[in-house]
Amino acid sequence: MKAKCKIYIALFLCICALPSAGLLFGGMEESMENRDTAQAPVLFTETGVNVAFLRDAGAWFEDHFAFRNEWVTGHALLMGKLFHVSSQESVITGKDGWLFYRDSLEDFQGAELLSDRKLFHVAHSMAMIQRYAQENGIKFVFTIAPNKNSLYGEYMPYYYQAFRSGESNLGRLQKYLDSEGVNYVDLYGLLKNQAGRCLYHKRDSHWNNEGAALASDAVLSCLEKEHLSYVGRQYSIRKDFEGDLDKMLYPAAVTPEEEIYYDPMPQFAYVEEVENNFAPKIATVSSGGGSLVMYRDSFGNALLPYMAEAYGDAYFSRGLPYHLSDLQEHGADTLVIERAERFLPDMACEAPIMEAPAVEHAIPDDAEALEVSDPEISEQDGLTQIRGRIPLGEHEIETEARIVVKVNGADCYEAFPIAYEDGQEGFSLCLPVGALAADGNKFELYLVEQGVM
């Protein structure tokens, strides 16, 4: 009996030691989760001894220990097979092998819906960008890539069913986009009406090539851009696509799924070598005409080939905030902004780096000036950015109120509306460098009702 106990203890200790001992024999593995992994710890920094060395070492080991992917996969299979739940906090295990990104859960269930004011933030910011583009002779389109469970919610697990009684953030936003006159492409309506067609990957958070082709066709048609349509084109099917959610959940046992490949695929070339279409900045050339700047997120990975084929020169950026100087730098005649539905709350808090439009006769005689104290002032892309909180006190801001800032008692500019993380209303304003005094600047803020400007 003692011998069996010793063998059991020895085996247990060996198994426990594998993750660490394996590192000595080249067994280090990278996490396949959709996030940045911890950097190797350093004992000494420029300022002296790194007091957080042990914490950093623990975080690095957590992301790189030997046979990590095998351990993670084994745990995920155990949880999935026995309890039908996901072992990954960021992945939801659905029905019939479907996987969903947890970041979209609040949208799906209707939890913490955005206020009408925040929806106005998004719509009005897009309208201000559109006006800037059009004043510079540039066409503009804004579109939102629907969350996977917005289209295929029937595959969500029963305990995550939607409980909202009204419209989603996306559905409610469209009213404000229409009111603001934003050139918007409704991809949710387009893709939802494709009955019987699976346009998203089962084990990835994004659309497949067919869904991307339909989306790009809608965007290019809205722009009245001459392009090759892939609707109805011949294609082959290969079972070689590995989903991002699948890699996160089962990194050592990914199940390839079907992807369609058009014959031929879009024709374009990269200006510089890129590892994949998720690179932060990508420039392309093709035999098409015109020049495109497109701000996009991960849904833009599959969109990129179709958009790149349509334009002779195209520049794709995942950078935030949007730097609209890109339009002049790349000689763009078209600007497209694509964003995933789950990022709408983030958009309500963002403002682009864009010179603020000057406005005249925008302030009513009886308007009350709100003096902004301690604004944040910084230089961004050759502009001076002023950000601050709106001192509302006990008053509430009207849903569609515009924000006008008078600078040093003289010129007036319209600012972008933003929300801070604590929910307080704010603004962002960019002026040419040199427009402000060295110190002692005065910023008077006015809230202007719709129709006045």
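Select Arg 197 to begin: in this predicted model, the residue counts as partly exposed because its relative accessibility is 31%, and its place is the loop between helix 8 (187-192) and helix 9 (209-222). With the side chain of Arg 197 displayed, look for two polar contacts, one with the side chain of Gln 194 at 2.6 Å and another, of 2.4 Å, with the side chain of Glu 210. If residues up to four places away in sequence are set aside, Arg 197 touches Tyr 152, Glu 210 and Leu 214.

Now widen the view to the protein chain, which contains 13 helices and 20 strands. Of its 453 residues, 47% count as buried, and among the contacts with a separation of 6 or more, 74% are between residues 24 or more positions apart.

Next, colour helix 5 (residues 116-135) and helix 7 (residues 169-180), whose axes come within 9 Å and cross at roughly 45 degrees, which means that helix 5 is oblique to helix 7. The crossing of helix 5 past helix 7 is right-handed. To see what lies between them, show the side of helix 5 formed by Asp 116, Leu 119, Phe 120, Val 122, Ala 123, His 124 and Ala 127, and facing these the residues Asn 169, Arg 172, Leu 173, Tyr 176, Leu 177 and Glu 180 of helix 7. Sorted by class, this contact of helix 5 with helix 7 consists of 8 nonpolar, 2 polar and 3 charged residues.

Move on to Asn 277, in the loop between strand 9 (269-270) and strand 10 (281-285). Is this residue buried or exposed? Asn 277 counts as buried, because its relative accessibility is 15%, under the 20% limit for that class. Its side chain makes a polar contact of 2.5 Å with the side chain of Tyr 270, and the side chain of Asn 277 also reaches the backbone oxygen of Asn 301 at 3.1 Å. Leaving out residues up to four places away in sequence, the residues that Asn 277 touches are Tyr 270, Ile 282, Arg 296, Asn 301, Leu 304 and Pro 305.

The last stops concern the backbone. Most residues other than glycine have a negative phi, and most peptide bonds are trans. Select Asp 263 and Pro 264, which are joined by a cis peptide bond with omega near 0 degrees; Pro 264 belongs to the loop between strand 8 (257-262) and strand 9. Then go to Leu 320 and Pro 321, where the peptide bond is cis with omega about -5 degrees, and where Pro 321 is part of the loop between strand 12 (313-317) and helix 12 (325-329).

Finish with two residues of positive phi. Glu 112, with phi near 50 degrees, sits in the loop between helix 4 (105-109) and helix 5, and counts as exposed because its relative accessibility is 66%. Asp 374 has a phi of about 50 degrees and occupies the loop between strand 14 (370-371) and strand 15 (376-380); with a relative accessible area of 74%, Asp 374 is exposed.

Key: Residues are numbered from 1 along each chain as its sequence is written. This is a predicted model: local features need pLDDT of at least 70, side-chain atom pairs count only at pLDDT 80 or more; totals for chains, interfaces and linings use all residues. Side-chain values use heavy atoms; hydrogens and water are left out. Helices (H or I, at least four residues) and strands (E, at least two) are DSSP runs, numbered from the N terminus. Buried means under 20% relative accessible area, exposed over 50%, partly exposed in between (1.4 Å probe, protein chains only). Contact means heavy atoms within 4.5 Å. A polar contact is a pair of N or O atoms within 3.5 Å; within protein, one must be able to donate a hydrogen and the other to accept it, and residues adjacent in sequence count only if both atoms are side-chain atoms. Axes are lines fitted to C-alpha atoms, for helices over the stretch in contact, and angles run from 0 to 180 degrees between N-to-C directions. Angles under 35 degrees count as roughly parallel, over 145 as roughly antiparallel, 65 to 115 as roughly perpendicular and the rest as oblique. A crossing is left-handed if the near helix is turned anticlockwise from the far one by less than a right angle, and right-handed if clockwise. Ala, Val, Leu, Ile, Met, Phe, Trp, Tyr, Cys and Pro count as nonpolar, Asp, Glu, Lys and Arg as charged, and the others, Gly among them, as polar.
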